[in-house]
Amino acid sequence: MTEATAVRRAVRSLFDPRGCPDPYPHYAVLRTHAPALRLPDGRILLSRHAECDRVLRNPAFRVEDEQWMDANLPGAGEHPAVHSLMAEMVNCNPPHHERLRRLVGTAFSPRRIAELRPAVTALVDSLLDRLAAGAGAGAAVDFMSGFALPLPITVIGELLGLPEADRAWFAPRVEAVTRAIEQDLTGEALKTADRAVEELWERLGDLVEQRRRDPRPDLVSTLIAAREADGDRLSRRELLANLVLLYSAGYETTSNLLGNGLATLLSRPELLARLRAESGRIGPWVEEMLRHTPPITLASRWAAEDTELAGVPLRRGAEVLLLLGSANRDESRYPDPDRFDPDRPVAANLAFGAGAHYCLGAVLARMEAEIAFPALLARFPDIALAQLPERRQGFGALNGFAELPLLLGTR
Ligand code: HEM
């Protein structure tokens with residue numbers, strides 16, 4: 001097969017609308033033969049660590065913000081979902097981005113996250129009890145719906161201060177917004193997301209009013225109070241949009257870290273046995289899970305000036321797709337990259353991005369996983385996959401399982 005044919009095949013497989021169950025061999029073809037590939041629609045696909053990292057850290061590559069949207073998808077901003085998305089910090093560029101990140105960051109400090117540790121530990125234990133109860137006489141239980149989703153949903157709900165009774169109500173609406181992004185903000189998915197955002201804003205708006213009158217030690221109250229030195233505060237739109245962002249960013253990602261990490265362990269019994277023996281050293285294991293099977297595999301930027309990437313010239317305005325899942329398997333940075341190896345020397349991976357938009361919730365996500373895995377393995381000595389799980393379909397940024405059926409064994 002010629003290089004060009006191999007590259008064409010790799011792209012076809014990666015963009016297959018039915019999904020690509022194993023993208024890693026295709027990423028490897030791109031890294032070797034076409035590290036900066038111009039797609040037929042003009043976008044540039046980047047697959048190596050060096051270029052992905054460079055783009056993420058270089059302010060000349062910008063996220064697709066409100067101005068970009070107005071120029072490229074005129075009228076889209078009239079959709080409530082797009083109006084909300086464009087006020088999220090992840091879709092803002094400097095100087096606006098720094099301001100939002102500072103204001104929200106004050107409420108999201110590492111100290112505040114560390115304070116959550118006892119509550120997360122108790123929650124993990126109670127979810128494991130529920131999982132055990134659900135398993136009954138040797139029946140399979142679904143790890144995703146029984147543990148991996150409820151853990152981060154409850155943690156982010158606690159942190160934000162969402163009333164417990166409302167949490168189940170929030171989840172499908174926030175998921176509708178994620179689905180619309182995966183469908184490039186078009187079609188039925190966008191209409192569903194519009195309705196969802198209107199409802200989310202109404203409910204969150206009520207919560208903000210309550211907290212304004214009666215502040216509590218939660219993130220909503222802290223965000224209402226947060227102000228910069230010159231007295232500048234978050235506008236109502238910024239506040240509501242970034243609450244939706246924190247809620248959504250906080251759980252579909254973390255749930256996939258838990259699901260992907262567990263699937264790796266359960267498919268390699270020797271890893272499982274080793275982690276049981278050294279669960280006090282969980283940090284590097286979670287880091288390797290993030291590198292090996294990252295929950296988000298894709299990010300995008302556009303070039304604000306003419307430039308070049310891996311020898312490919314880019315005109316101002318060109319869109320760039322960053323294959324984070326490929327960057328994390330780049331052999332020039334991680335020898336034998338497909339091997340899961342918790343003893344690798346530390347070399348920062350791109351699972352949480354890099355540069356100005358580096359994940360605000362990285363400390364929280366790591367903490368949840370570092371508490372969850374040792375507790376899960378200690379609780380169920382005979383845990384095993386009930387069947388090989390299927391990856392979620394489609395070329396979305398999210399990488400994980402819809403279901404992960406487990407046999408929990410004797411306890
Ligand atoms: C394993 C779990 C997680 C993964 C893999 C992950 C991944 C990422 C990535 C790749 C980005 C950068 C996107 C880009 O540059 O375009 C990002 C940004 C962000 N993440 Fe996470 N995330 C996780 C968990 C969380 C949690 C728990 C929260 C909050 C509760 C969170 C909140 C955010 C926010 C607010 C941003 C935007 C930061 C900015 O634009 O400055 N994430 N995340």
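At what angle do helix α16 and helix α18 pack, and how far apart are their axes? The views below start there. This is a predicted model, in which local features need pLDDT of at least 70, side-chain atom pairs count only at pLDDT 80 or more, and totals for chains, interfaces and linings use all residues. Residues are numbered from 1 along each chain as its sequence is written, and side-chain values use heavy atoms, with hydrogens and water left out.

**View A. Helix α16 packs against helix α18.** The angle between α16 (residues 282–292) and α18 (residues 362–379) is about 115°, and their axes are 10 Å apart. Axes here are lines fitted to C-alpha atoms, for helices over the stretch in contact, and angles run from 0 to 180 degrees between N-to-C directions. Helices are DSSP runs (H or I, at least four residues), as are strands (E, at least two), numbered from the N terminus. α16 is therefore roughly perpendicular to α18 (65 to 115 degrees; under 35 is roughly parallel, over 145 roughly antiparallel and the rest oblique). The crossing is right-handed, meaning that the near helix is turned clockwise from the far one by less than a right angle. On α16, look for Ile282, Gly283, Val286, Glu287, Met289 and Leu290; on α18, their partners are Arg366, Ala369, Glu370, Phe373 and Pro374 (contact means heavy atoms within 4.5 Å). Sorted by class, these are seven nonpolar, one polar and three charged residues (Ala, Val, Leu, Ile, Met, Phe, Trp, Tyr, Cys and Pro count as nonpolar, Asp, Glu, Lys and Arg as charged, and the others, Gly among them, as polar).

**View C. Helix α10 packs against helix α14.** Here α10 (residues 150–160) and α14 (residues 236–267) pack at about 150°, with axes 8 Å apart. That makes α10 roughly antiparallel to α14, again in a right-handed crossing. Leu151, Pro152, Ile153, Ile156 and Leu160 of α10 meet α14 residues including Tyr247, Gly250, Tyr251 and Thr254. The contact has ten nonpolar, three polar and no charged residues.

**View D. Glycine 400 is buried.** Its relative accessible area is 3% (buried is under 20%, exposed over 50%, partly exposed in between, with a 1.4 Å probe and protein chains only). Glycine 400 lies in the loop between β9 (384–385) and β10 (405–407). Leaving aside residues up to four places away in sequence, glycine 400 touches Asn256, Asn260, Arg391 and Arg392.
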